[in-house]
Amino acid sequence: MGSDERKQELFGKMKEGVIEYDEDQVVEAANALVDEGFDAYEGIMDGLAAGMEVVGELFDSQEYFVPEVLMCADALYAGLDILRPRVDMTGREAVKGEVVIGVVEGDVHDIGKNLVKMMFEVAGFTVHDLGADVPIDEFVEKQINTNSDIVALSAMMTTTMMGMKKAIVKLKEKNPDVMIMLGGAPVTGEIADMFGADGYSENASNAVSEAIKMVAALRKM
Amino acid sequence: MGKQAVLDAYQGKYTPVVPWVPYVGVHAGYLIGEPADKLLQDADLLAKGVLNAAERYNADGIPLAFDLAIEAMSMGIEAKWFPDNPPTVIDHPLQHKTMAEADLKVPGPKDGRWPLIIEAGKKVKEQLGDRALIGLTCGPLTLASHLRGAKFFTDMVKKPELAAEIMEFAALVTKESARIYAEEIGCDIVALVEPVGSQVRPETYDKFVIPACQPALETIHAADKVSALYICGDATKIVENMMYTGAHAVCVDEQLNMNYIRDCALKYGRGFAGNLKLTLALSLGLVDPREDAIVSLAAGGKIGFTFSPG
């Protein structure tokens, strides 16, 4: 077992590797973490996810754009592939929740949805990804079959965003307790409220914190 | 009506009255009770829809078809049709194939849907009266992302030679598309539309997008027509770069600050258009469209400004 100093060094390398979209650095640090007997779950949270959090801030401040964020995501996934199989959940808090995620019907733009999905996975949610151009009924059916806590709907276009309202009505009709989160380029918090959603994700980074709040609220019911 | 006002404004000139150009898109079909998938596959319906919308909204100028899949579909690339949206490209031939393996050809006026777009365009042009007709081409960056998929965004950093090769081809497609709108249909203005342009950093835009726009812009200017760049999303960081592509005008969406766009356009002597809130005002009514229009008009001024939805 290595020292705490060494552990922090490897977390730092993974974090920096994600921010600098340096897959090799992330892979090297993740392998070292495993070889030296450190905790893989901590590596995911304090290394990879911590790096992606900074990436989210860089995206918000328009220092990073879509190409950079996608490359950071590649680096994160490279580390996740190594660490995730080694995660030991014994004694840890159980899975935080289950999410059904997809892009609404008529819209095939899935870059944002994939980034949000990745953040959910990193945070330990079980994710049911329906892909893009998903009919409303598929969201309803999947939510019922999996008893997921949250349904996350994404839309890239103003026109397809309008379909979210119908989806929310139908989902709530079948299961009034389900929490619904909206995200995507044309969506704002005001629009999410107007459509009757329970949460709004401005970007991939805050989707998870929003989801955790929603699950906590749901479990208090 | 004011075709000349639109042409003047797009070229950065003073206009006594600010011209109005609604981007009606498939809403033109809605107005005549026709779904998008019928409207965009029938020359008569498209012409009828555009003419009706121009009349109904008392437009000074109007785009022919807001459909960025025309070029890709005319290359034989698969797209999906929707009743209330333009078609979306769902196949990306360069995702798993090289340029040589995919053997893509620049589509000409006889390929794909071009014959019906040309037929509709000529009909509209004949009957549009004193209004500017605007042809919209799929911009080279958007087309490159259609051809390669989302990977194209990382290629620009990780595989710049491959990205340059794809962009070079996309530039030729956009050039031919611009030629069809300018020469065969006789559109008064031809715009290169880049919905994904705002998703790259300014350095990437300069390196890949500006050079790829040049063949189309040269073609438009050689035909003595007016050129424009249309962009979606928060393009604040690249608006200034767009001003020096060589296009006459830059047209932006609702997320941008109109004062900033105006100042940039005045600095470079370009036209600019925007930015009535499409989502908040026109679709959802969360903002009063009249008040929103007053704000945009006050910010835009009368030099080089065209009022349009964002």
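How many residues does the contact take from chain B and from chain A? That was my starting point, keeping in mind that this is a predicted model.

**Entry 1, the chain contact.** I counted 23 residues from chain B and 20 residues from chain A. Next I looked up which elements of chain B give two or more residues to the side that touches chain A, and got helix H9 (151-158) and helix H14 (278-283). H9(B) supplies the largest share of that side, five residues. Sorted by class, the chain B side has ten nonpolar, eight polar and five charged residues.

**Entry 2, a helix pair in chain A.** I then turned to helix H1 (residues 4-19) and helix H4 (residues 66-83) of chain A, whose axes come within 7 Å and cross at roughly 145°. From H1(A), the contact uses A:Met14, A:Gly17, A:Val18 and A:Ile19. H4(A) answers with A:Cys72, A:Ala75, A:Leu76 and A:Gly79.

Is helix H1 (residues 3-10) of chain B largely enclosed or left open? It is largely enclosed by the rest of the structure, because six of its eight residues are buried. I noted the buried ones down: B:Ala5, B:Val6, B:Leu7, B:Asp8, B:Ala9 and B:Tyr10. Last, I checked what follows the helix: just after H1(B), B:Gly12 takes a positive phi of about 80°.

Technical notes:
Residues numbered from 1 in each chain as written. Chains lettered and ligands numbered in written order. Predicted model: local features only at pLDDT ≥ 70, side-chain atom pairs only at ≥ 80, totals over all residues. Buried ≥ 20, exposed ≤ 12 C-beta atoms within 10 Å, placed from the backbone. Helix = DSSP H or I, 4+ residues; strand = E, 2+ residues; numbered from the N terminus. Axes fitted to C-alpha atoms, helices over the stretch in contact; angles between N-to-C directions. Contact = placed C-beta atoms within 7 Å. Nonpolar A, V, L, I, M, F, W, Y, C, P; charged D, E, K, R; others polar.
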